[in-house]
Amino acid sequence: MRLYPIVTYYDIKTNQKFGTGSIQELGNVNRNKTYVIELRIDRALHDLKTYMSLSVRALDGLVKNSLLSRWFDGCDFIRQPNRLRLLKTFYDTVKQNSKIPPCPLKPGDIMILNITPSTLPIPVLIPETDFAIELLIVVTHKEILSNERWVNYSLAETGHETNVTYLAYLEAVREIRDMKTYFTYSVRAFNGAIQNPILSRWADPCELIRRPPREKLIKMYYDPIVKNSRIIRCPFKPGDNMLLNITPSLLPVPNFIPENDFYIEATTYTRARTKIIFESRVYGSLLRVINLTCTLDQSGSIANQSITMEMVILREVKDVKLAAAYYVVSETGDSPNRLLYRTVDLCSFVRRPNSDRLVKVIFDLLKDKSRFVTKCPIARNEQFYIRDLRPASVQIPGFLPESNFILENSYHFRALNEPVVEVMYYGKLIRVMHDELQKARPKPSRLRSDVAGSPLQSRYSVRTGKLENVLYDSTIDLCAFLRRPNERLVKMVFDNLKRHGQMPTSCPMQPTHFTFRNISLNHVRLPVFLPETNFKLLVKCWTGPDKTLIFDSRWYSRLKRVPIEN
């Protein structure tokens with residue numbers, strides 16, 4: 001399998017003080033288009049500094065954290081492209097059909113870049129599936145040295161192989177006014193040889209303590225370490241000490257880091273980088289928490305599509321949290337609109353399955369063809385599977401619109417913010433008349449048309465763009481309801497109206513005047529299954545044997561979640 005980059009949108013701007021640029025798009029097939037970029041130089045350019053970043057976009061179209069970023073000298077790179085191997089893989093392909101003049105660039109020089117994205121090689125560090133697997137950091141060997149003229153150091157370990165905690169105690173022997181640390185992350189080959197660093201950073205520990213880092217890569221490690229450590233501010237006086245509490249298995253691993261053995265080296269300097277006070281070298285491996293495979297069989301069939309998922313847990317897991325979201329996608333391909341979102345603690349749910357009715361419906365459906373979580377903690381090497389699940393046999397809630405959709409399932413282990421496994425299902429809900437599908441679905445219930453007395457209809461619809469789907473539709477006898485208010489949803493609205501005016505109490509109703517002032521929904525406890533989206537509420541009432549319409553109203557609004565302070 002190969003990944004093909006497909007360009008859906010581009011935006012190119014040039015500073016007209018230095019030159020002009022244009023782009024021409026060639027080809028009609030999205031997977032094989034060519035882009036010809038022409039840059040005309042109007043002023044002499046003696047140097048070029050270029051910043052490149054690759055980011056992953058979320059479902060709503062927002063740009064997530066940068067996956068890959070590089071600053072490089074464009075002129076130096078053109079002269080010696082071998083210095084940046086990652087960029088060279090793209091440069092070698094682009095330059096074959098391009099015109100790239102050497103630096104310095106003179107007025108009148110023209111640079112033509114001929115780029116065909118489908119021919120560009122995709123590095124293995126770029127995600128190629130619709131689910132993410134968390135990697136677990138396991139330290140196998142470490143070397144730590146301290147300059148005893150500056151720092152006294154001791155280290156204690158606790159825990160087992162895949163969940164070790166290191167307690168590092170540091171005590172200043174002499175006054176330390178400044179510190180600079182150089183950090184590198186390298187991949188080790190199969191023979192143990194250390195390859196070129198794929199990540200390197202200079203950091204100022206004193207500045208980090210005074211001002212917590214804004215750079216996301218450093219912050220993702222700084223926050224969990226500082227949380228359980230005792231750290232003091234610079235300058236350090238003789239006798240000052242700090243305690244670092246580091247659990248590698250709890251630290252996040254960026255998506256671009258390959259699953260491989262690694263080597264981390266960190267050197268700390270003082271006195272303007274002239275004195276080394278601390279050195280550490282860590283050897284280890286990145287291990288998967290879970291192995292997962294997912295296949296879609298007979299994808300071209302409507303009735304016989306089936307999903308199979310196999311997973312193996314590679315380490316003990318004490319708790320699992322499930323997050324599920326359902327997005328509606330318009331025909332124009334605009335940003336998806338989230339219709340449903342639910343989070344469930346699976347360990348609590350398997351003990352009390354009736355605690356969440358919607359999730360229970362899904363679990364009951366999976367019982368016959370799956371082996372899923374039944375108790376916590378989950379033992380190491382435990383195997384789970386879902387086999388031959390037919391989407392056509394799933395009972396679809398009536399409020400889901402007939403449209404394209406994205407169903408997102410993510411599983412979180414421990415208290416991680418990032419998912420360990422994230423599975424995305426892309427599809428379309430369509431209405432079909434097919435015998436096999438009809439057998440798989442329950443027969444629809446019929447609304448009564450012979451309601452006696454004064455029929456009252458209440459209909460709640462979810463609105464997504466121009467689509468409107470009924471979530472709740474009930475027709476009751478108003479007179480019977482006044483005698484015995486047993487319709488729960490109607491009763492919630494009825495009781496709220498009592499707060500703002502006089503309501504009828506029985507039938508028949510004599511001619512009178514009803515007034516309701518300052519109606520508010522603050523006291524209505526909405527059902528949990530109502531999605532946070534636009535809605536329409538329709539209320540109608542008829543009377544007499546000929547069903548004369550006496551009341552007709554439509555209410556358009558939006559449900560929005562608002563935090564309430566205690």
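The model examined here is predicted. Arg271 is not a glycine, yet its phi is positive, at about 55 degrees. This residue sits in the loop that runs between strand E12 (261-270) and strand E13 (275-288).

Ala272 shows a positive phi too. The value is about 55 degrees, although Ala272 is not a glycine. Ala272 also belongs to the loop between E12 and E13. Its relative accessibility is 63%, so Ala272 counts as exposed, the cut-off for that class being over 50%. For context, most residues other than glycine have a negative phi, and most peptide bonds are trans.

Cis peptide bonds were examined next. The bond from Cys376 to Pro377 is cis, and its omega is near 0 degrees. Pro377 is placed in the loop between strand E18 (370-371) and strand E19 (383-389). A cis bond also links Cys507 to Pro508, with omega near -5 degrees. Pro508 lies in a loop as well, between helix H9 (488-498) and strand E24 (534-543).

Strands pair through backbone hydrogen bonds, either parallel or antiparallel. This sheet has 4 strands, in the order E14-E15-E19-E18, and its pairing is antiparallel. Strand E14 (290-297) and E18 form the edges, each pairing on one side only. E18 pairs with E19 over 2 bridges, in the antiparallel sense. Arg371 stands opposite Tyr385, a residue of E19.

Another open sheet contains 3 strands. Their order is E7-E8-E11, and the pairing is antiparallel. Strand E7 (151-158) and strand E11 (241-246) are the edge strands; each pairs on one side only. With direction ignored, neighbouring strands of this sheet are turned by 15 degrees against each other on average. Strand E8 (residues 165-172) runs antiparallel to E11, and 6 bridges join the two. Tyr166 stands opposite Ile246 in E11.

Methods
Residues numbered from 1 in each chain as written. Predicted model: local features only at pLDDT ≥ 70, side-chain atom pairs only at ≥ 80, totals over all residues. Heavy atoms only, no water. Buried < 20%, exposed > 50% of the residue type's maximum accessible area, 1.4 Å probe, protein only. Pairing = 2+ DSSP bridges. Axes fitted to C-alpha atoms, helices over the stretch in contact; angles between N-to-C directions.
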